[in-house]
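Open the model in your viewer and switch to a cartoon view. We will take it one selection at a time.

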Amino acid sequence: MSAVKSFVKDNIEYYQLFIQCPVYLKEGRPTTPAYWYHSKDGKEMYIGDNGYYYCKDCGYTAPVIEWGYECCDCKQAGHEKAVVLDDLKHVAEAVSISGMVATTGAGLKWLSRVANALAQQC
Ligand SMILES: [Zn+2]
Ligand SMILES: [Zn+2]
């Protein structure tokens with residue numbers, strides 16, 4: 001594993017986003033966890049324990065509920081644009097089973113703060 005990608009900004013702890021596609025998870029077709037990239041610039045996405053995604057490169061940040069997802073399989077399925085989920089259950093599930101805690105160094109307390117933040121957006 002390469003260096004742990006994480007940082008703290010304004011008291012928010014961010015880890016590089018490494019999850020399976022929550023759209024496919026919702027459809028009962030789990031995929032392999034992967035890193036995600038900002039559609040605007042192709043740069044690495046991070047998730048903070050405030051329940052926001054954050055592109056460290058361009059600085060864009062927004063609540064997880066506002067984001068869409070488009071993995072390679074989603075593109076092949078012919079979706080015209082990124083799929084926005086109407087609840088965050090499968091995002092929370094994807095984060096908790098992705099191995100982010102094991103592989104990136106994120107802790108269980110971080111994970112529970114993320115889950116609480118996502119629950120408040122639903
Ligand atoms: Zn960006
Ligand atoms: Zn997908």
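Start at the hairpin of β1 and β2: 2 residues lie between its strands, and Asp 10 there takes a positive phi near 50°. Keep in mind that this is a predicted model.

Now select both strands of the hairpin. β1 and β2 pair in the antiparallel sense over 4 bridges. Pick Lys 9 and look across: its bridge partner in β2 is Ile 12.

Which residue of β5 is the bridge partner of Tyr 14? It is Gly 48. Click Tyr 15 too, and you find Ile 47 of β5 opposite.

Zoom out to the sheet. It is open, has 5 strands and runs in the order β1-β2-β5-β6-β7, with antiparallel pairing. Color β1 (6-9) and β7 (61-63): these are the edge strands, each pairing on one side only. Neighbouring strands here are turned by 30° against each other on average, direction ignored. Strands of a sheet pair through backbone hydrogen bonds.

Now for the core. Select Leu 17, Tyr 46, Ile 47, Tyr 53 and Val 95. Of the 31 residues in the largest nonpolar core, these touch the most other members. Elements giving two or more residues to this core include β2, β5, β6 (52-55), α3 (89-97) and α5 (108-119).

Finish on Leu 17. What does Leu 17 touch, leaving out residues up to four places away in sequence? Tyr 35, Trp 36, Met 45, Tyr 46, Ile 47 and Tyr 53.

Methods: Residues numbered from 1 in each chain as written. Chains lettered and ligands numbered in written order. Predicted model: local features only at pLDDT ≥ 70, side-chain atom pairs only at ≥ 80, totals over all residues. Pairing = 2+ DSSP bridges. Axes fitted to C-alpha atoms, helices over the stretch in contact; angles between N-to-C directions. Core = buried A, V, L, I, M, F, W, Y, C linked by C-beta atoms within 7 Å. Buried ≥ 20, exposed ≤ 12 C-beta atoms within 10 Å, placed from the backbone. Contact = placed C-beta atoms within 7 Å.
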